[in-house]
Each structure stands twice: as C-alpha cells, then as structure tokens.
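Work through the exercises below with the sequence and the model open. Try each task before reading its solution.

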Amino acid sequence: MQNPLNNSKAWFVTGTDTGVGKTLISSALVHGFAAQGLRSVGMKPVAAGCEWRDGELHNDDVAMLRAASNLPLARERINPYAFMPPVAPHIAAQQANSPIVLDVLLQNFHGLQAEAERVIVEGVGGFCVPLGDTLDTADLAVALGLPVILVVGLRLGCLNHALLTQEAILSRGLRLHGWVGNHIDPGMAMPLENIAALQQRLQAPCLGIVPWQAGASSDLVTSHQPDFRRVASLLNLSTLTD
C-alpha cells in the first residue's frame, strides 16, 4: 500500500508458523531500508509474552523492531496491544479483559505510515491466528491491504506449511510479494532440495535465504538475539525499493 502524500510503502510479514524468525526478518527489512536513508519502522500490532522493565512493558520482538528503526517512536505506537502471558493473543486479550479492536490497529498503522517511508507490519504466529471471536491475523492483513512477505521456517514439513499459507494468502485476494527462507533446524536433511521445491512452487520471488543462527528459531523471549544487521545484508531489497 502506497501513501501518495509521503511516498510511503508497507508490507505485511507472516510466517509458516510461530517461531520461524518473523521478527528477525522484519527487523532486517526495517534496518535495510533505514540503511538506505529511508524513514523506516516496524509495527508489531499484538505482542504476548511481555514483562515489566524500568516501568514499562517490554517485549523482545518489539525491542528488536525498535532497535532496527531510525524513527524514535514510543512503544505504544508500534505495539498497541501488549500482553504478559506468552499465550495465544485472543486468550491473552480475554485474560486481560482487553479485546483487540481492528480499528485501533488500523489507526496506529496509518499514524506510522504518515511518518515513515517504509513500514513493516509483523503478524502474530502463522497467517490465521485468532485475535478475537471474529477477528484473526488474516483479517488484519486484508484490512491493511498490504502485499505479503512470507517467512518460511526451513525444517521438515515446511513445504506443506508454506504452500498452505500461500493458498490462504492468495484466496483472500492478497498479493504474495516474496518469501524468505530461514534455517531454523541445523540438522534439516536435504535443505537445498527443499529450497528448490519452494522456488518451484511459491508464486513470488525468494528475497533471501538466511543460514541457521542461535536465537533465530523463536519469536519468544530468548537470551541470545540474532543480528538483524547481518541478516539484512542477505536480503534482496531491490523489489521493495523500486
């Protein structure tokens, strides 16, 4: 989606599952744009697994996105819904008596889009994670109307997960802009053959293949955070900057 007022562009990042490295790739994209001199920000609409630090809610995913950005925005602006339990978002929202409202997410997104030239919206878990009784992350992607970047966690079973996710994206009238393969299992057998199968079957270009690294296999809090700056150098941003 392009904002004609400030030439802003945005993408929605989803994954084949939770724990496949969406935050790492999203942060790398934000950093890559920022390195080109573009005002760039990452949005995490909903985060679970937060904790109090220095008087405010902290989430490692949100912290990484903020570190990658070159816009000093308040946490609440890029992460309007933050929950403490590391559970499914709709359950966390119920426990906190804080229902996730689509209009709030859209307002926050448009606020970021008004200030940034590049916005990366990172989904939650896989593509169809419930956010409430009548709302899920696929609904959010449709409401945003953004092209989608799919992060494929390279491990046994990734072919089926990737193709099902592609089908879900396309069936909603969304465009799959590209995909990133992220090695999350260092012991995966026949990785090159699996990547070749993805290249043959996914209807979008591969933006990069990221080698395995400690800390990259989980969207949850980790003691070791992978280096999104190095990962940014592995991604082809040319189709995102034209």
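Buried means under 20% relative accessible area. The model is predicted.

**Exercise 1. Is Thr16 buried or exposed, and which residues does Thr16 touch?**

Step 1. Locate the residue. Thr16 sits in the loop that joins strand S2 (8-15) to H1.

Step 2. Apply the cut-off. The relative accessible area of Thr16 is 11%, so Thr16 is buried.

Step 3. List the partners. Leaving out residues up to four places away in sequence, Thr16 touches Leu150, Val151, Val152, Gly153, His161, Ala162 and Thr165.

Step 4. Look for a polar contact. A polar atom of the Thr16 side chain lies 3.2 Å from the backbone nitrogen of Gly153.

**Exercise 2. Find how the axes of H1 and H2 are arranged, and which residues meet.**

Step 1. Take the geometry. Helix H1 covers residues 22-35 and helix H2 covers residues 60-68. Their axes come within 8 Å and cross at roughly 15°.

Step 2. Classify the angle. Angles under 35 degrees count as roughly parallel. H1 and H2 are therefore roughly parallel to each other.

Step 3. Assign the hand. H1 and H2 cross in a right-handed sense.

Step 4. Name the contact residues. H1 supplies Thr23, Leu24, Ser26, Ser27, Val30, His31 and Ala34. H2 supplies Asp61, Met64, Leu65 and Ala68.

Step 5. Sort them by class. The contact of H1 with H2 has six nonpolar, four polar and one charged residues.

**Exercise 3. Which residue caps the N-terminal end of H2, and which residues of H2 are buried?**

Step 1. Inspect the start of the helix. Asn59 is the N-terminal cap of H2. A side-chain oxygen of Asn59 lies 2.9 Å from the backbone nitrogen of Asp61.

Step 2. Read off burial. In H2, Asp60, Asp61, Val62, Met64, Leu65 and Ala68 are buried.

**Exercise 4. At what angle do H7 and H8 pack, and which residues make the contact?**

Step 1. Take the geometry. Helix H7 (residues 158-171) and helix H8 (residues 191-201) pack at about 15°, with axes 10 Å apart.

Step 2. Classify. H7 and H8 are therefore roughly parallel to each other. Their crossing is right-handed.

Step 3. Name the contact residues. From H7 come Cys158, Leu159, Ala162, Leu163 and Gln166. From H8 come Asn194, Ala197, Leu198 and Arg201.

Step 4. Sort by class. The contact of H7 with H8 has six nonpolar, two polar and one charged residues.

Step 5. Link back to Exercise 1. Ala162 takes part in the contact with H8, and Ala162 also touches Thr16.

Terms used: Residues are numbered from 1 along each chain as its sequence is written. This is a predicted model: local features need pLDDT of at least 70, side-chain atom pairs count only at pLDDT 80 or more; totals for chains, interfaces and linings use all residues. Side-chain values use heavy atoms; hydrogens and water are left out. Axes are lines fitted to C-alpha atoms, for helices over the stretch in contact, and angles run from 0 to 180 degrees between N-to-C directions. Helices (H or I, at least four residues) and strands (E, at least two) are DSSP runs, numbered from the N terminus. Angles under 35 degrees count as roughly parallel, over 145 as roughly antiparallel, 65 to 115 as roughly perpendicular and the rest as oblique. A crossing is left-handed if the near helix is turned anticlockwise from the far one by less than a right angle, and right-handed if clockwise. Contact means heavy atoms within 4.5 Å. Ala, Val, Leu, Ile, Met, Phe, Trp, Tyr, Cys and Pro count as nonpolar, Asp, Glu, Lys and Arg as charged, and the others, Gly among them, as polar. Buried means under 20% relative accessible area, exposed over 50%, partly exposed in between (1.4 Å probe, protein chains only). A polar contact is a pair of N or O atoms within 3.5 Å; within protein, one must be able to donate a hydrogen and the other to accept it, and residues adjacent in sequence count only if both atoms are side-chain atoms.
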